[in-house]
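Dear colleague,

Please find below the structure that I promised to hand over. My notes on what was found in it follow directly after.

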Amino acid sequence: MGTSTSAFRGAAAVTVEGEVVFESAETKTTWYRLASVGKHICATAIFQAGLDLHTPVAAWLPTMDDRVTLHHLLTHTAGVAHWQPGVPGFDIDVPMPVEERLRLMEGAPLIAEPGAAWHYSSPGYALAGRVLEVATGRPYAECLNAYVFAALGATAITAGDPPAGRTIAQGHRDGQPVPTNDLTSLPGTRDVWATAAGLADFTTRLHTSTLRGVRDLIGHVAMVTDEDSITTESYGYGLYAGTVDGKAAYLHPGDNPGFQTLSVWFPEQRASIAILANEETTDPLPILHDLVRLVP
């Protein structure tokens, strides 16, 4: 592999047809926060719970604008703002109980008419995760672990608290440790943990499964971008669809304080790439271009 793959702080894995063809040697058993890579996992759990995506969210969260549906939240078309300054009273760096954060998100003014435009919003997914809790009467992490990970037999990935007795990656910024804020446990957005190989394995299991709704993760909202040989053509329920170095791909990046993450699925090759960096300044794209050479 190239220098971008060997020099970064973190872990990476590549699988083809479910077989590991590359795994970084020194951090195989280290668990990382997945950040927004977990968005499509939130959507998958909602599918498994059998929730109607076109029911107004106010059916579960009465203070929400009754024009907003789960479909809107999961496709970033609800008009819900991103963290700051779109949610009044919400400071991403100030400790605050999760319930209070959710109340602020529910009451925040919309920045666009529901369904009118695409605006990336992690708070939208936090609200979707809260809907899942209210609708099922179960904690969000319990829903993901039961409805998704256990259902797929995926073992090196989990939701909620970091797995006990395992090596947990410490986030860094410019080489210095970064303290963890309480958003890592906010439902729907920042609360999934995995090893690199565990994420790659989960991705393969998910996209080759018969779980309800998996085929519907893709598409829905056209939004074309082009950056460094990566083109995205649409956003579905927590996944971008496009191409990576000319290969059809479904993907999603993520970032937490101290972390950068990226997960890519290549449907034609049935291949998966997972990149988990615990240095916030890492650019995962050069690493991705190194690793995609292993995809047939």
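How are α2 and α6 oriented to each other, roughly parallel or roughly perpendicular? Please note first that this is a predicted model. The axes of α2 and helix α6 (residues 140-152) cross at roughly 75° and come within 9 Å. Angles of 65 to 115 degrees count as roughly perpendicular, and α2 and α6 are therefore roughly perpendicular to each other. On the α2 side, I41, C42, T44, A45 and Q48 take part, and they meet Y140, L144, Y147, V148 and F149 in α6. By class, this contact of α2 with α6 holds eight nonpolar and two polar residues, with no charged residues.

Helix α2 (residues 39-48) also packs with helix α5 (residues 122-136): their axes come within 10 Å and cross at roughly 30°. Angles under 35 degrees count as roughly parallel, so α2 and α5 are roughly parallel to each other. The crossing of these two helices, α2 and α5, is left-handed. From α2, the residues in the contact are K39, C42, A45 and I46, while α5 supplies S122, Y125, A128, G129 and L132. The contact of α2 with α5 divides into six nonpolar residues, two polar and one charged.

V148, F149 and L152 of α6 make the contact with F202, R205 and L206 of α7. By class, there are five nonpolar residues and one charged residue in the contact of α6 with α7, and no polar ones.

I turn next to the largest pocket. The volume of the largest pocket is about 320 Å³. Its lining consists of M223, T225, E227, I230, T232, Y240, L251, P253, L262, D283, P284 and L285. Two or more lining residues come from each of β9 (221-227), β10 (230-235), β12 (247-256) and α8 (284-291). The largest share, three residues, is given by β9. Eight residues of the lining are nonpolar, two are polar and two are charged.

One loop residue may also be of interest to you. G160 lies in the loop between β4 (157-159) and β5 (167-168). Leaving aside residues up to four places away in sequence, G160 touches A141, D191 and W193. G160 and I273 are 113 residues apart in sequence, and their C-alpha atoms are 23 Å apart in space.

With kind regards

How values were computed: Residues numbered from 1 in each chain as written. Predicted model: local features only at pLDDT ≥ 70, side-chain atom pairs only at ≥ 80, totals over all residues. Heavy atoms only, no water. 1 Å grid on protein atoms, 1.4 Å probe; cavity = no way out; pocket = protein on both sides within 12 Å on 5 of 7 lines; lining within 4 Å. Points joined across faces, edges and corners; volume = space filled by probe spheres on them. Helix = DSSP H or I, 4+ residues; strand = E, 2+ residues; numbered from the N terminus. Nonpolar A, V, L, I, M, F, W, Y, C, P; charged D, E, K, R; others polar. Axes fitted to C-alpha atoms, helices over the stretch in contact; angles between N-to-C directions. Parallel < 35°, antiparallel > 145°, perpendicular 65-115°, else oblique. Left-handed = near helix turned anticlockwise from the far one by under 90°. Contact = heavy atoms within 4.5 Å.
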